[in-house]
Amino acid sequence: MLEESESKEPAMNPFQKNESKETLFSPVSTEVVPPRPLSLPKKPSPKICGSNYPLGIAFIVVNEFCERFSYYGMKAVLTLYFLYFLHWSEDTSTSIYHAFSSLCYFTPILGAAIADSWLGKFKTIMYLSLVYVLGHVVKSLGALPIIGGQMVHTVLSLVGLSLIALGTGGIKPCVAAFGGDQFEEKHAEERTRYFSVFYLSINAGSLISTFITPMLRGDVQCFGEDCYALAFGVPGLLMVIALVVFTMGSKLYRKPPPEGNIVTQVAKCIWFAISNRFNNRSGDIPKRQHWLDWAAEKYPKQLIMDVKALTRVLFLYIPLPMFWALLDQQGSRWTLQATRMNGNLGFFVLQPDQMQVLNPLLVLIFIPLFDLVIYRLVSKCGINFSSLRKMAVGMILASLAFAVAAAVEIKINRMVPPQPGPQEIFLQTLNLADEDVKVTVLGDENNTLLEESIRSFQKMPHYAQLHLKTKRQDFHFYLEYHNLSVYAKHSMEEKNWYSLIILEDGKNISSMMVKDEENKTTNGMTAVRFVNTLHKEVNISLGKDTFLIVGEDYGVSAYTTVQSGEYPVVHCRAEDKDFSLNMGLLDPGTAYLFVIINNTNQDPQAWKMEDIPANKLSIAWQLPQYALVTAGEVMFSVTGLEFSYSQAPSSMKSVLQAAWLLTVAVGNIIVLVVAQFSGLVQWAEFILFSCLLLVVCLIFSIMGYYYVPIKPEDLQEPADKKIPHTQGNVINLETKKTKL
């Protein structure tokens, strides 16, 4: 039957090149399919300033800039939003962040299928951009504290992120290709330069947004908290602008019709070859040179040859997800690491999520540096720095970046106060009396556990570590003040921090025990609490919508997170009297205790001390790991995509793009799994990722050593070469044997 079809229509070739970047592959059939007319403009589209660049690409480049600003700006503050607004744990925040990133790289397959098979690129971009905008609206509403409670915020956030993932992923494979469709084939050089400008717009949008949106979050207060609604709303507005700009150029665009989904054709061809081979397992049936030759009964020879070339490249893709697993942690684990570091650079206070701006900035610097300097110097030294070797070196650099990140994490842990373990508590004493007080702590067996003399209005120089015999234990405190000795008993529970506050009442003293925060850390935030020694309740205004009420007679407030910075005038009210407190400079990552004391000659004043010292390790220590991982990205990502394109036939470019994006998605899934199930401390997790990538790099190097690159001319069959006739169930295909 196949021979008859070929003999009747020898001139039929459904794989001729057209002006579109995509090629339609259809099974060989005797049905006559009328050609579809292309909806191209009758006259050439207007050009930019008399050049050969179509005017429509200006709208496409601006659209891409705004869209990337929208995506990366929203994503920059996402981890801290999970951590501080939704109050998820660090592991959960990391997992959801990477689940969202993974979804953003799965949906391009859906977008490509819709564009190629149904709507075409233009309508796909239009409709999915509307979904994109709706996702931003829902996400911004979920960040408003006045709308619902925790459950409502969580549901709105997850729905908004799902819509954003569908929008950004769906248009991802369409926008760049749609821009390429605007050029005529004779202007191939201009089209190449367009893609360079297009890539520049992506990094420019990412660079600006990752710097601005953390400022909108941290420097603006909404309802007394960081303004996440504004940080999500501005990127949403940029997406609206992107949609409007893209629509304005509608009449200038060349709009090729959908030509069929090549991804589906490839999947069907592979599936048919596997199933056909499985159904013909008999030893009487002759073997074929390649397992894809079993698709010859249904699919054309050229398609099978193209899929063979494609599978050779896809085999090299197997180790690649591990690299993306490391690269994409800049927005999750590395941002969480930055929250425990000091962002004060002297001339500027850098927010933890603003460190991500280093990646696009260094990409713009490293690409010309590597292309024009480093690669040329290596070439002059006589070293064959092939594409696969560049990718392997990129993996090694990313692995080193995580080794550096682990070293920084260890250094941070050494500077952070230790956490109380099982059958252990940490205790500090605050002496609010007017004279020195000697504090003696006895255990159940009257054994002395602690003995120190605390000066007036001075806390202990450090937390004392006390061991318990059980999970909860009573401790006996003896306070010597002047000639008085005061006894008190307090019960304390393991794994907690406590403050013993010594109070003065005339000539007598007493004590009260206050349990501090569960986790004695501010995660990069600034926290304050107050002790009110006045006989009146005090209302404290810390911001536009942040109020505290501290009870009278040594009432103690809970910790409240505030924005770091100067607080020279804090308005307070005690009954009918208004007064102000000077809280001074509040550093990021520091927890402060303020004791409100009465001054007979003036208004009440605040005595300030640090409960948790400021982060001492500068955030600039993250610069080496960002430089290493970005250098690895330039060597791996840019080189890898270029190599893959050179090794696959032109008809397989869209399939290759989808496969490349899938490796990014799988890499994010790896992080999600490790974050949820590893149970490792952070520095050990960094070491785990570093070692895993080294192992994968070794495997990839072995695969690359045995890989024999093919020349571009070998990817296409000569036009004058006739398709050989089939003999039985076997087609004698000429395949290029390689070591792979």
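# Chat about strands, helices and rings in a predicted model

User: Hi! Which residue does I425 stand opposite in β6?
Analyst: I425 faces L466 there. Strands here are DSSP E runs of at least two residues, helices are H or I runs of at least four, and both are numbered from the N terminus. Two strands count as paired if DSSP finds at least two bridges between them.

User: Before we go on, what kind of model is this?
Analyst: This is a predicted model, with residues numbered from 1 along each chain as its sequence is written; local features need pLDDT of at least 70, and side-chain atom pairs count only at pLDDT 80 or more, while totals for chains, interfaces and linings use all residues. Side-chain values use heavy atoms, leaving out hydrogens and water.

User: Thanks. What is the mean pLDDT of the chain?
Analyst: The mean is 81, and 87% of the residues reach 70 or more. pLDDT is the predictor's confidence in each residue, on a scale from 0 to 100.

User: Where is confidence lowest, and where is it highest?
Analyst: Helix α1 (residues 2–8) is lowest with a mean of 38, and helix α7 (residues 228–248) is highest at 94. Residues 1–42 stay under 50 in pLDDT, and the model has 65 contacts for them beyond four places in sequence. A contact means heavy atoms within 4.5 Å. Another stretch with pLDDT below 50 is residues 717–740, with 35 contacts beyond near neighbours in sequence.

User: Back to I425, then. Which strand does it sit in, and how many bridges does that strand make with β6?
Analyst: I425 belongs to β3, which pairs with strand β6 (residues 464–467) in the antiparallel sense over 4 bridges. I425 also has a bridge partner in β9, namely N496.

User: In what sense do β3 and β9 pair?
Analyst: Strand β3 (residues 424–431) and β9 pair in the parallel sense, over 7 bridges. Within that pairing, Q428 is partnered by S499.

User: Is β3 buried or exposed?
Analyst: Mostly covered: 8 of its 8 residues are buried, meaning under 20% relative accessible area with a 1.4 Å probe and protein chains only (over 50% is exposed, and in between is partly exposed). E424, F426, Q428 and L430 point one way, I425, L427, T429 and N431 point the other way, and all are buried. In a regular strand, side chains alternate between the two faces of the sheet.

User: And what about β9: how many of its residues are buried?
Analyst: 8 of the 10 residues in β9 (residues 496–505) are buried. On from there, β9 joins strand β10 (residues 508–515) antiparallel over 8 bridges, with N508 as the partner of D505. The two strands form a hairpin with 2 residues between them, and G506 in the turn has a positive phi of about 70°.

User: New topic. What is the strand order in the open sheet?
Analyst: The 4 strands run β5-β4-β7-β8, with antiparallel pairing. β5 (448–454) and β8 (484–493) each have a single partner strand at the edges, so one side of each is left without a neighbour in the sheet. Neighbouring strands are turned by 20° against each other on average, direction ignored; the axes are lines fitted to C-alpha atoms (for helices over the stretch in contact), and angles run from 0 to 180 degrees between N-to-C directions.

User: How many bridges join β7 to β8?
Analyst: 10 bridges join β7 (residues 472–481) to β8, running antiparallel. Q473 stands opposite M492 there.

User: Nice. Over to the helices: what does F69 touch?
Analyst: F69 lies in helix α2 (residues 56–76) and is buried, with a relative accessible area of 6%. Apart from neighbours within four places in sequence, F69 contacts G205, I208, S209, I212, V234, P235 and L238. Its C-alpha is 8.2 Å from that of M239, 170 residues apart along the chain.

User: And S209, buried or exposed?
Analyst: S209 is buried, at 0% relative accessible area, and its place is in helix α6 (residues 188–218). Beyond four places in sequence, S209 touches R68, F69, Y72, G73 and P214.

User: Last one: how many aromatic pairs are there?
Analyst: There are 39. Phe, Tyr and Trp rings (six-membered ring for Trp) pair if their centres lie within 6.5 Å; planes under 30 degrees apart are stacked, over 60 edge-to-face, and the rest tilted. For Y81 and F232 the centres are 5.0 Å apart and the planes at 80°, so the pair is edge-to-face. Y81 is in helix α3 (residues 78–85) and F232 in helix α7, 151 residues apart. Both are buried.
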